[in-house]
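This report looks at the strands and the nonpolar cores of one protein model. Please have the sequence and the 3D view at hand.

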Amino acid sequence: MTTTKPTLFSEIENVINELNPETISIERKEVLQPLIDFIQSKLSENKEIRINFICTHNSRRSHLSQVWAQTMANYFNIKNVSCYSGGTEATALFPMVAETLQNSGFQINSISKNENPIYSIKYSDNEHPIIGFSKKLDDDFNPKSEFAAIMTCDSANEACPFVPGAEKRIPITFEDPKAFDNTPQQAEKYNERSLQIATEMFYVFSQINS
C-alpha cells in the first residue's frame, strides 16, 4: 500500500525548497546527531517520538524549533512525532516569532489575547495546528516521560542539568535573536534564525530511515 505524502501550505514548501543543508558544518552535524539517533531508535521500535524543545523563557528559539521540527516530520512523512516546547520559566511567545513564521507561510491565529497569548499555528490544511504559548517545561501541556529534551539556549542548558522525565537530554543551542529587538535588523535576524533552525530540522529528519 502506498502512503500519500502530506501536503504543506505551498508557501512553506517554497521556503523548504530553498533550504540548503550543505551549509551545515561537520561540527554542527555532530551536535545534531544525538537527536537523529533518538528519532531513529524510537521509529525502529515503533514507539511515539516526543521531543520537547527547552529554552529559558519559552519565547523565541524553543518555539521556532518546535514548529519547524513538527513541520519537517510532516514533510518527510515521519509518523508519530509530537513536538513540544517549554522554559525554565514562562513569559510569552514573542510577537516577532509569530510574525516571522507567518512570513514563511504558516497560518497564525490568536486564540486568546492576554499577557501570555495563545496562538494556533497551522502548516497544513489537514493537520492539527500547533498550539503556541509560553509555558514551563513541566507544564501539563508537555509530556511527562519518554521524551527527548532539546536544550536550545546556553542558559537553560546550564540552569537545567536535569529535566524530569526526559529519556535523553540533548544540547542543540542557537544564538538568541532577542539581541536585535528594537533595531533595524530585527526582522532580518529573526528570519535568519528561523531559517537556520528550519535547515537543521530539515537535515535531522532527512537522515531518518522510515
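## Terms and model

Two strands pair if DSSP finds at least two bridges between them. Helices (H or I, at least four residues) and strands (E, at least two) are DSSP runs, numbered from the N terminus.

This is a predicted model, in which local features need pLDDT of at least 70, side-chain atom pairs count only at pLDDT 80 or more, and totals for chains, interfaces and linings use all residues. Residues are numbered from 1 along each chain as its sequence is written, and side-chain values use heavy atoms, with hydrogens and water left out.

Strand E1 covers residues 49-55, and six of its seven residues are buried, so the rest of the structure largely encloses E1. Buried means under 20% relative accessible area, exposed over 50%, and partly exposed in between (1.4 Å probe, protein chains only).

E1 runs parallel to strand E2 (residues 81-87), with seven bridges joining them. Opposite Cys55 stands Gly87 of E2. E1 also pairs with strand E6 (residues 147-151) in the parallel sense, over four bridges. There, Phe53 has Ile150 as its bridge partner.

## Nonpolar cores

A nonpolar core is a set of buried Ala, Val, Leu, Ile, Met, Phe, Trp, Tyr and Cys residues joined through side-chain atoms within 4.5 Å. The largest one has 50 residues, and Trp68 and Phe205 have the most contacts inside it. Helix H6 (residues 186-206) supplies the largest share of this core, eight residues.

A second, separate core has 10 residues, among them Leu137, Met151, Ala156 and Cys160.
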